[in-house]
Amino acid sequence: MFEGKGRTIVVCGIANPSVIPLLKQGYNVMLLAHSAEQADKMRERIPSEYLDHFDAAFCRIEEPEEVKAMAEQAIARFGCVNAIATGVGPNEKNSFDDTDPEEFFRVLQATLRGHFIYMKTMIPYLLRFEAPRIINLTCIDWKCGHFDYGVSAATGKGGLVALTRAIALEYAGKGLTANCIAVGALKTLEPRTPEREQELNSKIPVGRIATGDDIAPAIAFLASRESSYMTGAVLNMSGGAYMD
């Protein structure tokens with residue numbers, strides 16, 4: 001059985017709902033917040049018994065100096081940084097017909113540029129410690145067109161899979177693994193309208209949108225020492241909304 005004791009994972013974006021489940025798995029968790037206010041709100045939600053294993057920092061992943069400062073903060077607090085779990089990018093919903101070129105390339109840049117800079121900045125830190133791991137959260141839209149996202153976001157998520165696999169191949173010999181988790185729809189801190197949630201529930205065979213508790217075990221495994229033989233993979237966690 002894998003566990004996170006003694007390991008530190010940095011979470012960002014749609015990985016954020018997994019913070020408390022990951023703490024329960026024994027991980028130290030550093031949360032990247034998009035504002036100081038969000039960081040404070042997350043601290044308020046953490047059960048007191050896990051506060052010694054939690055920290056949060058305002059950090060924009062496309063800003064290398066902020067990423068370096070965050071990594072140093074995590075190392076100073078927990079002694080190591082072993083894994084990153086990240087999923088950022090605009091939640092764009094437009095069809096191909098309704099998307100103009102400027103919007104398309106804006107969404108692609110917003111999705112891929114941040115991940116590229118973030119991983120390029122973080123990999124040297126990860127390689128300093130045991131069993132370095134990268135987990136990128138994407139969506140099933142890159143496989144099936146668009147399920148919960150529009151055409152631009154779906155294309156960006158497909159690019160993220162390709163980027164993750166390129167890193168997996170390049171760094172496999174150094175012990176670093178890089179994998180993706182593809183979700184169908186996930187409950188986030190920004191709730192959907194009841195009508196949209198009902199529509200998505202009806203399209204998912206298990207009958208509900210995923211929660212942080214659903215995806216945290218997959219993140220915990222991919223961030224663990226025991227996942228050393230899995231790299232370049234995409235785990236489908238869509239409740240049956242897409243079956244490959």
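Analyst: This is a predicted model. The sulfur of cysteine 180 has its closest cysteine sulfur in cysteine 139, and the separation of 10 Å is too far for a bond.

User: Are cysteine 139 and cysteine 180 buried or exposed?

Analyst: A residue is called buried when its relative accessible area is under 20%. The value for cysteine 139 is 0%, and that for cysteine 180 is 1%. Cysteine 139 is therefore buried, and cysteine 180 is also buried.

User: Which strands are the edge strands of the open sheet?

Analyst: The sheet has 7 strands with parallel pairing, in the order E3-E2-E1-E4-E5-E6-E7. An edge strand here pairs on one side only. The edge strands are E3 (54-58) and E7 (234-237).

User: Which residue in E5 is the bridge partner of alanine 85?

Analyst: Strand E4 covers residues 83-87 and strand E5 covers residues 133-139. The two run parallel and are joined by 4 bridges. In E5, the partner of alanine 85 is isoleucine 135.

User: At about what angle does helix H6 run to E5?

Analyst: Helix H6 spans residues 151-171. The helix lies across E5, strand E6 (177-183) and E7. Its angle to E5 is about 160°.

Key: Residues numbered from 1 in each chain as written. Predicted model: local features only at pLDDT ≥ 70, side-chain atom pairs only at ≥ 80, totals over all residues. Heavy atoms only, no water. Pairing = 2+ DSSP bridges. Contact = heavy atoms within 4.5 Å. Axes fitted to C-alpha atoms, helices over the stretch in contact; angles between N-to-C directions. Buried < 20%, exposed > 50% of the residue type's maximum accessible area, 1.4 Å probe, protein only. Disulfide = S-S within 2.5 Å.
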